[in-house]
Amino acid sequence: MVPIDPAASANVTLIDHPLVQHKLTLMRKKEASTSSFRRLLNELAGLMIYEVCRDMPLQDLEIETPLEKTTGKVIDGKKLVFASVLRAGNGILDGVLSVVPGARVGHIGLYRDPTTLQAVEYYFKMPSHMEERDVVVVDPMLATGNSAAAAVTRLKACKPKSIKFLCLLTCPEGINTMFKEHPDVRIYTAAIDRGLNDHGYIMPGLGDAGDRIFGTQ
Ligand code: URA
């Protein structure tokens, strides 16, 4: 088993709320159908984004209740970008957007070149004015961390104000890789599993997230 670098571990927020843990366990079950897997992922994403947004800045807003004028606090949802790592990241979008409907959405498509083993970009589309925005990269599985780190490297070329990484599951290998390449990126996860198998799957994990979301197994 690969140990987690203690400095890297300080960069991880484990969301251990009972509702999150309960739904994650149901998703892991091999007999979960595509529709229930998708529904649980939406629900989990909505719960987890609550924790990711905990330190979002608030602004004052003058409003009038039916009784009097007052000052309320609001977030500027449009400043937030959810950047989905294709294709499994798309399974998280509906859930996070149900909680922050004003957020913008970007997509990052990468594949691994079988010869060079380097991540190659095939799609990249972000909203304009990224230098004014905070980005949450969404991808259900942070496994080796190689494509996640490459996605973050590509995003940094747009100079966003901040980048966070939201996944359902990760493992020591993924945490260490992300920390080595991007120590400024905090990881939010519902579980840190044992490690990777020889095929790069997280163990015990939940299998191939993309196949389970889209029913392509
Ligand atoms: N991607 C997946 O979908 N599952 C894993 O376990 C690892 C990477």
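Asn11 is buried in this predicted model, with a relative accessible area of 14%. Because burial requires a value under 20%, the 14% of Asn11 places this residue in the buried class. Asn11 lies in the loop between helix H1 (6-9) and strand S1 (12-14). Beyond residues up to four places away in sequence, Asn11 touches Phe179, His182, Pro183, Val185, Arg186 and Ile187.

The largest nonpolar core comprises 37 residues, of which Ile49, Phe82 and Leu166 touch the most other members. At least two residues of this core come from each of helices H2 (18-28), H3 (34-52), H4 (90-99) and H7 (209-214), and likewise from each of strands S4 (80-85) and S7 (134-138). H3 gives the most, with eight residues. A second, separate core holds 25 residues, among them Val12, Ala148, Ala151 and Val152.

| Nonpolar core | Size | Members include |
|---|---|---|
| Largest core | 37 residues | Ile49, Phe82, Leu166 |
| Second core | 25 residues | Val12, Ala148, Ala151, Val152 |

Phe82 is in contact with Ile49, Leu93, Val96, Leu97, Val100, Ala103, Arg104, Val105, Gly106 and Val136, when its neighbours within four places in sequence are left aside.

Helix H3 has 19 residues, and at 1.5 Å a residue these should span 27 Å; the end C-alpha atoms are 26 Å apart, so the two values agree. The buried residues of H3 are Ser36, Phe37, Leu40, Leu41, Leu44, Ala45, Gly46, Met48, Ile49 and Val52. In soluble globular proteins, nonpolar side chains tend to be buried together.

Terms used: Residues are numbered from 1 along each chain as its sequence is written. This is a predicted model: local features need pLDDT of at least 70, side-chain atom pairs count only at pLDDT 80 or more; totals for chains, interfaces and linings use all residues. Side-chain values use heavy atoms; hydrogens and water are left out. Helices (H or I, at least four residues) and strands (E, at least two) are DSSP runs, numbered from the N terminus. Buried means under 20% relative accessible area, exposed over 50%, partly exposed in between (1.4 Å probe, protein chains only). Contact means heavy atoms within 4.5 Å. A nonpolar core is a set of buried Ala, Val, Leu, Ile, Met, Phe, Trp, Tyr and Cys residues joined through side-chain atoms within 4.5 Å. The expected span of a helix is 1.5 Å times one less than its number of residues.
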